[in-house]
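This report looks at salt bridges in one protein model. The sequence and structure come first.

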Amino acid sequence: MAGKLRVAVLGGTGMVGQRFISLLADHPWFEVTEIAASPRSAGKTYEEAVKDRWKLGELPIPEKVKNIVVKSVDDVENVTKDVDFCFSALNMPKDEIKALEETYAKTETPVVSNNSAHRWTPDVPMVIPEINPEATEVIRYQRKRLGTERGFIAVKPNCSIQSYTPALAAWKEFVPTKVVVTTYQAISGAGKTFREWPEMEGNIIPYISGEEEKSEREPLRIFGSIKNGAIVPADSPIITSQCIRVPVLYGHTAAVFIDFDAKPSKDELIAKLRNFRGIPQQLGLPSAPEHFIQYLEDDDRPQVRLDVNFGRGMGVSIGRLREDSIFDWKFVGLSHNTIRGAAGGGVELAELLKVQNYILAK
């Protein structure tokens, strides 16, 4: 562990918390030394706390964390006293999460959150590291508000937008103006497995609470800018969405229609996708995929079974780009919702914040 930053995972017994712990098991920069969860799990070893509800069936509980004694997330002083920063995967009412994450930050412990509670707090950066790494500059204003020197909160966006927002970013110079998107979202996005949600087998539910607003608004915050100490969302593109739950364990798929101010060719659009690189690729961050976006030529791709783990689950797959009779173009996108869309995106964000010297050893 020498030289590694010490990490607490808040909400470590839930699905996203488990994914954080799995991804951090052999991380070269970070080491999980504390796990916090609800009072009912406090006092148990991590193995005891999750043995009957370990959701990552394809992966074992990492040996390094099995004997860590889980603490209550409300015991902020003891959770933070020997860690350098926290990942938050809390599953509580949003107002409680918002207050609790600020309490953690005020102990001078940075919080990198998967939760949506602070995504619209004006001075909290919401970041996809390949797209808007400069948004972290707002942290200095947040620290003034919180009265901290090193503590702050940074968040990653909703899992569903990761399947199409990267394409919009790659095509920025062509000026996307209108986007219609339908997302087909895996059940793990609700923190469930088929064992826990058997009624989803062979079923589709055409409603996911709050998802459509997130799908329409959050990309605009990603494309926003800092003005007067706050993130101001971009004005365009105009996005409308529908979000549907489908019987898939991992992987959010998006069917997208798009208009541009400029009129790019198909070859130009594909080239932009394949050549798109961000700061994580340039810096070689440990969690960054070598290629952020892949374009697939086959008419029947991307597919969840074939493509969801592209780039160790951190890459985005785009396919079926073709002209449309109403809009300029249409395409299909796919991303892994609990890796790129949740814990993996959070780990990559923490790596960026470390390189930018926002996360340091205490």
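The sections below cover the basis of the model, the salt bridge count and selected pairs.

## Basis

This is a predicted model, in which local features need pLDDT of at least 70, side-chain atom pairs count only at pLDDT 80 or more, and totals for chains, interfaces and linings use all residues. Residues are numbered from 1 along each chain as its sequence is written, and side-chain values use heavy atoms, with hydrogens and water left out.

## Salt bridge count

Side chains of opposite charge can pair when their charged atoms come close. A salt bridge here is a side-chain nitrogen of Lys or Arg within 4 Å of a carboxyl oxygen of Asp or Glu. By this rule there are 21 salt bridges.

## Glu 47 and Lys 66

Glu 47 and Lys 66 form a salt bridge, at 3.9 Å from N to O. Glu 47 lies in helix 2 (residues 46-50), while Lys 66 is 19 residues away in the loop between helix 2 and strand 3 (71-72). Helices (H or I, at least four residues) and strands (E, at least two) are DSSP runs, numbered from the N terminus.

Glu 47 is partly exposed at 32% relative accessible area, whereas Lys 66 is buried at 17%. Buried means under 20% relative accessible area, exposed over 50%, and partly exposed in between (1.4 Å probe, protein chains only).

## Two further pairs

Glu 173 and Lys 272 form a salt bridge at 2.6 Å, N to O. The pair links distant parts of the chain, 99 residues apart. Glu 173 is exposed at 54%, and Lys 272 is partly exposed at 29%.

Arg 340 pairs with Glu 348 in a salt bridge, with the closest N and O atoms 3.1 Å apart. Both residues, Arg 340 and Glu 348, are buried.
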